Amino acid sequence: VDDAPSETDKGCRQMVDLVVRSDRVVTPQGVGAYDIAIAGGKIVAVADGASLPIPAGAKLIDATGKIVIPGGIDPHVHCKWHLPNPDGSAGLTAPPEVVSRAALFGGTTTMIDFTRASQGADVRAAIEKREADWKNLCYCDYAQHIMVEGALPLSQPGQLAEAIQAGYPTVKIFTTDITPSRKGRMVDFGDIWEVFQVLAKNRGLGVIHSEDNDIVMHMYGKLIREGRTGFANMAEVHNTLSEDISFRRVIRLAEKVPGTALYMMHVSSASGVAAIRDARARGVPIYGESLHQYMLYNSEDYKKPNGQIFHTYPSLKTPADQAALWAGTLDGSINAVATDEICCTLATKTQGIRIDDTTGGNAGVEPRVALMYTNMVGKRGYSLSRFVDLVSTNAAKIMGLYPKKGAIAPGSDADICVLDPGLARVLRKEDLHETDYSPWEGHQMDAWPSLTILRGKVMMENGVFHGSLTDGQWQHRRVADDILAGPTL
């Protein structure tokens, strides 16, 4: 951030096409009054507020009194995902064109989804097949984790190495089948060991759904035998012991393969937070993600009408676990807040009523940024910088997008969200653009996005959408050396 326009900035003025001005701009150096000059989709200058002359023909957006942050990054979404319909037929969740539009209304400009390696003849074929679901069908920018499942073919480690080098550096691994009906999802520990060796050698990152399969399946069997099959009992199945044992086992394996870095997805319990915290204290390069569901709902919410709308896998836990998650966002154990987005209808979301058939995921990509601003800055007194780290910057750093994404700085993509306190509201599903329900109905929002910019293009302004399906671009990623070397966030 410059105190005054540099000679380079002055030379850029003739090509500047947009300037965003505010007295609260969140930059890597802190929060202040700045002018953000944008040209060719990039930020070319960040200068002291009202000090940057506006070039002829450039548009000035005066966001004084509003909060200007880098566009949100959601590192965990599922679009066009296989999910049964209420009538039992095969179905798909909402595609990228629906979810990305909602994301931009909510100030999120980049999403990371998943390519299932099992859905192609090899990893490259799976990537190409998945890209067909996204290319020219997504309003915002996007990337993909590679998901491996079940018994891995002997050729797959080598294919993963190629994918990492091609810009897909994050590999998703399940340590459980999640439910008895999803046999084949879990990767056994020997294959995980093989994948970790590939990650360490090729500078990749393991993104882990970590639960102890023996504990989870034992609890399914026990509760079914006892006749306690209602989904309100989900926390007994996907429990804190499972998270504790699995996290520590995975971390121990990673420590035995020097150079292995981990990102623990959807951390839901105090035991998971503690395992990450302990590993970080030993210098393990490990990072934690939680979800807004876990932080703002607990297992008692399953008992509400349509309580399935609050569920994702693993389960909601206790208020004490929620407190630990919030503490983790302050001590470095939890680095990002994601959604585990599954956008489907209310009928689909509530079709399962048992512990073994409840639909996971939530429609939450649109309210995420404003919801976390309200609960972090408004209710808990977090700094604006800490809030931005948790909804944007840290995900960019961990996932290999920074500083192209996640920063308001010269050279970064001009991805910007403007949060307007004047648009504070009680959230209604009718205000959103995803589906016919919201688990966030009735939540107070201290601010709401009034402007979203993607690579210099105004995508949403004052509730009016201006995006095109050709706007979203796939993002090549490379995880930075410091992220892989140790816990730097």
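**Figure 1. Ala50, an exposed residue with a positive phi.** Ala50 has a relative accessible area of 55%, which means that Ala50 is exposed; here buried is under 20% relative accessible area, exposed is over 50% and partly exposed lies in between, using a 1.4 Å probe and protein chains only. Phi of Ala50 is near 65°, a positive value in a residue other than glycine. Ala50 sits in the loop between strand E3 (42-48) and strand E4 (59-62). Helices (H or I, at least four residues) and strands (E, at least two) are DSSP runs, numbered from the N terminus. Please keep in mind that this is a predicted model, in which local features need pLDDT of at least 70, side-chain atom pairs count only at pLDDT 80 or more, and totals for chains, interfaces and linings use all residues. Residues are numbered from 1 along each chain as its sequence is written, and side-chain values use heavy atoms, with hydrogens and water left out.

**Figure 2. Asn462, a non-glycine residue with a positive phi.** Asn462 has a positive phi of about 55° although it is not a glycine. Look for Asn462 in the loop between strand E20 (457-461) and strand E21 (464-465). With 59% relative accessibility, Asn462 counts as exposed.

**Figure 3. The largest nonpolar core and Phe196.** A nonpolar core is a set of buried Ala, Val, Leu, Ile, Met, Phe, Trp, Tyr and Cys residues joined through side-chain atoms within 4.5 Å. The largest one has 112 residues, and those with the most contacts inside it are Phe196 and Phe387. Helix H14 (residues 384-399) gives this core its largest share, nine residues. Which residues does Phe196 contact, leaving aside its neighbours within four places in sequence? They are Ile173, Ile208, Val250, Leu253, Ala254, Val257, Thr260 and Leu262, where contact means heavy atoms within 4.5 Å. A second, separate core of 20 residues includes Ala94, Leu104, Phe105 and Tyr142.

**Figure 4. Helix H4 and what covers it.** In helix H4 (residues 156-165), the buried residues are Gln156, Gln159, Leu160, Ala161, Ala163 and Ile164. Their cover includes helix H3 (123-131), strand E9 (141-147), strand E10 (170-174) and helix H5 (189-202). After H4 comes Gly167, whose phi is positive, near 105°.

Figure 5. On a 1 Å grid over the protein atoms alone, a pocket is an open set of points with protein on both sides within 12 Å along at least five of seven lines, a cavity is a set of points where a 1.4 Å probe fits but cannot get out, and lining residues have an atom within 4 Å of a point. Grid points are joined across faces, edges and corners, and a volume is the space filled by probe spheres set on the points. The largest pocket has a volume of about 520 Å³. It is lined by 29 residues, of which Trp81, Leu83, Arg182, Tyr313 and Gly360 are the closest to its centre. By class, the lining of the largest pocket has eight nonpolar, 14 polar and seven charged residues. Ala, Val, Leu, Ile, Met, Phe, Trp, Tyr, Cys and Pro count as nonpolar, Asp, Glu, Lys and Arg as charged, and the others, Gly among them, as polar.

**Figure 6. The largest cavity.** The count comes to one cavity of 30 Å³ or more, and the largest cavity has a volume of about 30 Å³. Its lining is made up of Ala363, Leu432, Glu434, Thr435, Tyr437 and Ser438.

**Figure 7. Thr348 in helix H12.** Thr348 belongs to helix H12 (residues 346-349). Is Thr348 buried or exposed? At 7% relative accessibility, Thr348 counts as buried. Not counting residues up to four places away in sequence, Thr348 touches Leu83, Pro84, Pro86 and Thr359.

**Figure 8. Two cis peptide bonds.** The bond from Tyr313 to Pro314 is cis, with omega near -5°, and Pro314 is in the loop between helix H10 (292-296) and helix H11 (319-331). The bond from Tyr402 to Pro403 is cis too, with omega near 0°. Pro403 lies in the loop between H14 and strand E16 (416-420).

**Figure 9. Cysteines without a disulfide.** A search of the whole structure finds zero disulfides, a disulfide being a pair of cysteine sulfur atoms within 2.5 Å. For Cys79, the nearest cysteine sulfur is that of Cys138, 7.1 Å away. Cys79 is buried, at 0% relative accessibility.
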